[in-house]
Amino acid sequence: MNAARSIQAGTRTALAGLGLLLLLAGCRSAPPPPPTPAPVQRATRAMDQAARLTEQRNWPAAIRQWEAAVSHHRLLNDRQNEAIALHNLAQAQRAIGRQAEALEHLEEASRINRQLGDNAEWWRNQIALMQIEIAAPELANAAATRSEQLRAIFPQVTDPNLRGMFLNELAVWHLERGEFQPASAALDEAGQAFANAGNQHGIAVVTGNQARLHEAQSNWREALRTWQMALARFENEVDLLGIAAALAGHGRALLALGDFPAAENYLRRAVFNLRALDVPERLIPALEALIQSLEAQEKFPEAEKVRAELQQERERARPPSADQQDPGGT
Amino acid sequence: MGLQDLTPQLRTRLSRIERVVGVFVTFATILLLAGFGYYLIHTAQRKGWFLNKAPYFTYVQSAEGLRVGEPVKLMGFDVGWITLITAEAPGMMYNVYIEFVILEPFYGYIWSDSRVKVTAADFLGNRYLEVTKGGSDLTRQPYPTYRETDGVLTHVLIRDSDGEFEEITRDRAPYWLESDESPALTARLEALANQAEQALPQILSLTNQLAAALENAASATDRLDTLLTDARPVVTNLAVITKQLQGPGALGEWLLPTNIHQQLENTLTASAQTLSTTQTNIDMLSRQISMSLENVAMLTSNLNAQVQANSMILSDISELVINADELIQGLRRNWLLRGAFRDEPDPPQQGILNPTLR
């Protein structure tokens with residue numbers, strides 16, 4: 001009897017002990033993580049702010065923040081992030097026409113990534129360099145050399161996004177030179193690569209470039225159909241610049257097809273959007289097309305008004321003289 | 001096994017152990033009783049069990065924020081507590097009956113001119129009773145509310161006018177103290193906010209009217225200035241003409257009738273009266289504006305005072321937020337719960353690159 005009672009008491013004690021143990025284990029939390037050192041915090045904050053400013057297209061402020069991010073990461077000897085900050089600094093500088101500085105910073109970022117063996121980032125640097133060189137007629141030789149060099153090592157690239165990006169730039173390069181056949185092939189491949197990566201925005205851009213290719217070949221009906229597809233894709237991706245470009249493309253195609261009132265409608269909407277987005281390099285051709293559509297309908301007073309605006313935009317888009325240039329930069 | 005079955009040595013040893021146990025139990029019992037006694041004495045002192053308690057009552061319009069057992073204050077001390085809160089019968093003048101006791105010796109401060117203030121305690125709508133010290137009313141003779149003999153309360157004041165006392169009996173009602181009731185802080189703040197809200201459109205309308213009046217005045221003076229400038233040659237011409245009209249035999253004496261002076265005087269008197277009335281109106285308007293501004297200043301000053309008086313509430317709220325954050329952070333790190341707080345990992349940093357749209 002006593003033995004049974006002592007066994008019961010022992011069991012109760014053991015159960016209570018087990019319950020207590022479980023309770024203690026359940027209430028246990030890991031110690032808080034150690035605080036991030038202040039220099040690292042500063043560097044991270046600079047990167048975050050710069051990314052936000054870039055997203056808002058506030059270029060001068062973004063440039064200052066990317067410069068700060070470069071300095072902070074240099075002090076930390078964080079080469080990888082320094083290269084990323086340099087790349088993004090170059091992109092912001094390119095957006096406001098400081099191409100020379102952008103090229104310099106991209107080359108520097110590319111050197112760092114080569115040393116670190118970061119192939120993906122190195123390719124991003126190279127593609128960005130190629131974009132600048134293709135857009136500048138005086139750098140056509142450099143663009144040709146780079147595209148040839150990159151094409152030679154392109155099979156090594158496995159990331160479908162990077163493949164799509166490079167092929168799209170290659171297509172633009174061929175399009176600039178009037179080489180329609182290779183441009184078309186590159187665009188098809190680029191579209192396939194973006195589809196493999198699930199990059200809908202990339203697909204929309206490729207569609208837009210295909211429409212431009214049709215325009216260049218004066219295949220206006222096909223151009224109109226492709227611009228319609230591109231517009232729908234840009235709308236899905238909420239890409240404002242893409243939407244404006246697609247509207248302008250619509251207008252140009254309709255103008256060429258002789259539907260002047262519809263062309264005027266599309267071109268007016270494109271001009272409004274491009275004016276709001278402040279993209280003079282796209283606004284000027286849209287204004288020119290709008291003048292043509294108005295004159296074709298014999299709306300000469302309105303055409304004169306648009307011509308005055310075109311003149312103003314041309315004045316504004318003229319590159320500043322050497323003494324007026326922004327002295328900023330790293 | 002019985003005690004008689006044990007060996008004598010074992011029996012001796014056991015009885016020694018029993019003695020020790022008995023001493024220990026006795027000592028523990030004494031210690032327990034002493035502790036309990038100390039606790040009782042301490043509680044009695046704290047709660048005033050051995051002190052005389054003088055019962056009082058008062059009437060208020062609302063029992064909001066008052067509870068039985070809440071302390072009653074006198075000169076900042078907790079001198080008693082509320083013993084009963086009940087609603088009056090419908091149709092009575094007062095709404096709520098509150099009974100409370102005041103401990104010895106504090107009821108000595110409570111005279112016939114003492115009053116009960118029902119004061120807001122905090123922002124949460126709580127209120128408390130505060131009895132004012134009596135005996136200082138110069139307009140009428142105040143009397144103590146209770147009288148004691150040999151440390152026992154024996155008589156209670158029944159007539160304030162001539163200080164008549166009556167012996168305390170079991171069914172004798174407590175002494176009545178009149179109350180000054182102020183609503184809870186939240187209700188006052190709400191009323192204040194409502195008042196401010198009502199006054200704001202009027203103030204804005206007043207400022208708009210003032211702005212319009214000033215604008216009109218500016219415009220009028222501007223036009224007057226232009227008019228005066230334009231009228232200067234006319235006045236000069238008039239001066240020349242009137243000069244020619246003066247003098248014996250001049251045209252003026254023939255043309256101007258004799259009553260024109262009288263009419264001119266009447267016109268000038270009427271103009272002076274109009275100006276005087278306008279002046280009075282403007283004075284009144286400016287006085288009203290001044291009063292409104294004073295009210296606004298008082299309102300902001302009151303708000304400022306409230307915020308100053310309750311400055312600790314902000315630090316308390318801040319501390320609460322910090323503690324809550326620490327609790328959540330702790331839960332996020334708990335091995336059992338951290339799954340519920342799992343964040344999406346940040347995408348790796350990479351250079352910005354967008355495909356070119358030709």
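Which residues in α4(A) meet which residues in α6(A)?

Guide: This is a predicted model, in which local features need pLDDT of at least 70 and side-chain atom pairs count only at pLDDT 80 or more, while totals for chains, interfaces and linings use all residues. Residues are numbered from 1 along each chain as its sequence is written, chains are lettered from A and ligands numbered from 1 in the order in which they are written, and side-chain values use heavy atoms, with hydrogens and water left out.

From α4(A), Ile84(A), His87(A), Gln91(A) and Arg94(A) meet Glu121(A), Arg124(A), Asn125(A), Ala128(A), Gln131(A) and Ile132(A) of α6(A); contact means heavy atoms within 4.5 Å. These residues divide into 3 nonpolar, 4 polar and 3 charged. Here Ala, Val, Leu, Ile, Met, Phe, Trp, Tyr, Cys and Pro count as nonpolar, Asp, Glu, Lys and Arg as charged, and the others, Gly among them, as polar.

The axis of α4(A), residues 79–95, comes within 11 Å of that of α6(A), and the two cross at roughly 15°. Axes are lines fitted to C-alpha atoms, for helices over the stretch in contact, with angles from 0 to 180 degrees between N-to-C directions. The two helices, α4(A) and α6(A), are therefore roughly parallel, a term for angles under 35 degrees, whereas those over 145 count as roughly antiparallel. Their crossing is left-handed, that is, the near helix is turned anticlockwise from the far one by less than a right angle.

A nonpolar core is a set of buried Ala, Val, Leu, Ile, Met, Phe, Trp, Tyr and Cys residues joined through side-chain atoms within 4.5 Å, buried being under 20% relative accessible area (1.4 Å probe, protein chains only). Among the 34 residues of this core, Trp123(A), Ile127(A) and Phe166(A) touch the most other members. The largest share, 9 residues, comes from α8(A). Leaving aside residues up to four places away in sequence, Ile127(A) touches Leu162(A), Met165(A), Phe166(A), Glu169(A) and, in chain B, Leu353(B).

As for the chain as a whole, chain A has 15 helices and 0 strands, taken as DSSP runs numbered from the N terminus (helices H or I, at least four residues; strands E, at least two). Of its 330 residues, 41% count as buried.

How values were computed: Buried means under 20% relative accessible area, exposed over 50%, partly exposed in between (1.4 Å probe, protein chains only). Angles under 35 degrees count as roughly parallel, over 145 as roughly antiparallel, 65 to 115 as roughly perpendicular and the rest as oblique.
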